[in-house]
Amino acid sequence: MRASIIPFTFAMVIMPATMVSVLPIGGLLVRSGSLSSQDFVTVIILSVGVITPIITLMSYSDDIRTMGTIVNEVRSVLDAPEMERPAEGEAPKDCSIRLNDVHFSYKDKEVLHGITMDIPAGSYTALVGPSGSGKSTIARLIASLWDADSGSVTLGGTDIRKIPQEIYSDQIAFVSQDNYLFNMSVRENIRLGKPSASDEEVEKAARESGCHDFIMSLENGYDTMVGSSGGHLSGGERQRISIARAMLKAAPVVILDEATAYTDPENEAVIQRSVSKLTQGKTLIVIAHRLSTITGANKIYVIKDGQVEDSGTHEELLEHHGLYETMWNLHMEVKDNG
Ligand SMILES: Nc1ncnc2c1ncn2[C@@H]1O[C@H](COP(=O)(O)OP(=O)(O)O)[C@@H](O)[C@H]1O
Ligand SMILES: [Mg+2]
């Protein structure tokens, strides 16, 4: 838009104003006798007629620029380095996760500066910290969406770069912060978690994630189209559908990145209860928005500026009188006032 707006505006202003020059100059030429009055009429008609095609041409130049932008975007995807994963390999022995001195940068900016974390199989781990501290980045590395620059992420003791993508994906259900719905029906969006699931299974997962009631109140129930990127639904509704999708997948590792941030406290409690029921015995990693929802975690990691600032249970962290205590006190204040 920036590239085409200035020439386009100029053209739109000047072209319809051709009469401003054609009429007086033509009039002068006719008076001086170098232009016949018949020719003058022709010139007037032509100058009016020529505007529309030129404007159409201008609008194509806009389209061509749009196409150029899209082509460049597609090219940046095609040119991106491919993740290296073996085609075959064994499934990991268990679902313990370990991050070993992980450094990671987006382009040139390093955002994780040596993260080490131990997440035993079947445990409940929470990540908390200020916004921008790198929590989502850690979740994306564990979900194998990006690879660490240095250090390693292991699952069941095996470096995740040695585990075939397909096997790895089966182990992990990831509800990301920017959850994405496809422009299909609610039912099919949930079914993405497990393509072989029956309609009953889909509805069961929806019920357990606190979606069933709002889905039934939609125009066509489970067959309602969610619109492009889920635009017909609210943020909280999209999140709950993403949770239902993850629950249906029933993977042994579940990562929830601020999965209930847009949900009202009432629904949050419902979701929290069903999530903890559904994830019993699984490795659960929760990035929490509201601290009160994660006090029961086996271990809480406090992340600050891409580093682990502190870790421990809720009680231990409060005793450390550090960042966690400050965040907790702020959270309680907000809660009391709200
Ligand atoms: N896709 C991205 N490209 C470039 N920088 C990013 C991207 N995602 C996050 N960042 C940057 O990385 C840092 C950590 O972000 P993030 O992991 O999302 O933090 P948190 O989830 O704790 O709020 C921030 O400074 C953010 O601006
Ligand atoms: Mg985040």
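Predicted model: local features only at pLDDT ≥ 70, side-chain atom pairs only at ≥ 80, totals over all residues.
Visitor: How is the protein divided?

Guide: The protein is divided into domain 1, residues 2–79, and domain 2, residues 97–337. The centres of domain 1 and domain 2, taken over C-alpha atoms, are separated by 54 Å.

Visitor: Let us turn to the sheets. What is the strand order in the open sheet of six strands?

Guide: The order is β6-β7-β8-β3-β9-β10, and the pairing is mixed. At the edges stand β6 (172–175) and β10 (307–312), each of which pairs on one side only. From one strand to the next, the twist averages 15°.

Visitor: How many bridges join β3 to β8?

Guide: Strand β3, residues 124–128, is joined to strand β8, residues 283–287, by four bridges, and the two run parallel. Within this pairing, alanine 126 has valine 286 of β8 as its bridge partner.

Visitor: And how many join β3 to β9?

Guide: Four bridges join β3 to β9, and these strands also run parallel. Alanine 126 stands opposite isoleucine 300 in β9, while threonine 125 has lysine 299 of β9 as its bridge partner.

Visitor: Is β3 mostly covered or exposed?

Guide: Strand β3 is mostly covered, with five of its five residues buried. Both of its faces are covered: Tyr124, Ala126 and Val128 are buried on one side, and Thr125 and Leu127 are buried on the other.

Visitor: Which strands does helix α5 lie across?

Guide: Helix α5 lies across β3, β7 (253–257), β8 and β9 (299–304), and runs at about 150° to β8. Another helix, α10 (residues 235–249), lies across β6 and β7, running at about 175° to β6.

Visitor: Why is α5 largely enclosed by the rest of the structure?

Guide: Six of the eight residues of α5 are buried, so the helix is largely enclosed. The buried residues of α5 are Lys135, Thr137, Ile138, Ala139, Leu141 and Ile142.

Visitor: What follows α5?

Guide: Serine 144 follows α5, and its phi is positive, near 65°.

Visitor: Now the ligand. Which residues surround ligand 1?

Guide: Ligand 1 is surrounded by Tyr106, Val111, Gly129, Ser131, Gly132, Ser133, Gly134, Lys135, Ser136 and Thr137. By class, the residues of this shell divide into two nonpolar, seven polar and one charged.

Visitor: Where does the largest share of that shell come from?

Guide: The largest share, three residues, comes from helix α5, residues 135–142. Lys135 and Thr137 belong to the shell, and both are among the buried residues of α5.

Visitor: Changing topic, what is the order of the open sheet formed by four strands?

Guide: The order is β2-β1-β4-β5, and the pairing is antiparallel. Strands β2 (109–119) and β5 (158–159) are at the edges with a single partner strand each, so one side of each is left without a neighbour in the sheet.

Visitor: How many bridges do β1 and β2 pair over?

Guide: Strand β1, residues 97–106, pairs with β2 over eight bridges in the antiparallel sense. Isoleucine 97 stands opposite isoleucine 119 in β2. These strands form a hairpin with two residues between them, and lysine 107 in the turn has a positive phi of about 50°.

Visitor: Which residue in β4 is the bridge partner of isoleucine 97?

Guide: That partner is leucine 155. Overall, β1 and β4 are joined by five bridges and run antiparallel.

Visitor: Finally, in what sense do β4 and β5 pair?

Guide: Strand β4, residues 150–155, and β5 pair in the antiparallel sense over two bridges. Threonine 154 stands opposite aspartate 159 in β5.

Methods: Residues numbered from 1 in each chain as written. Chains lettered and ligands numbered in written order. Near = placed C-beta within 6 Å. Nonpolar A, V, L, I, M, F, W, Y, C, P; charged D, E, K, R; others polar. Pairing = 2+ DSSP bridges. Axes fitted to C-alpha atoms, helices over the stretch in contact; angles between N-to-C directions. Contact = placed C-beta atoms within 7 Å. Domains from an automatic or database assignment. Buried ≥ 20, exposed ≤ 12 C-beta atoms within 10 Å, placed from the backbone.
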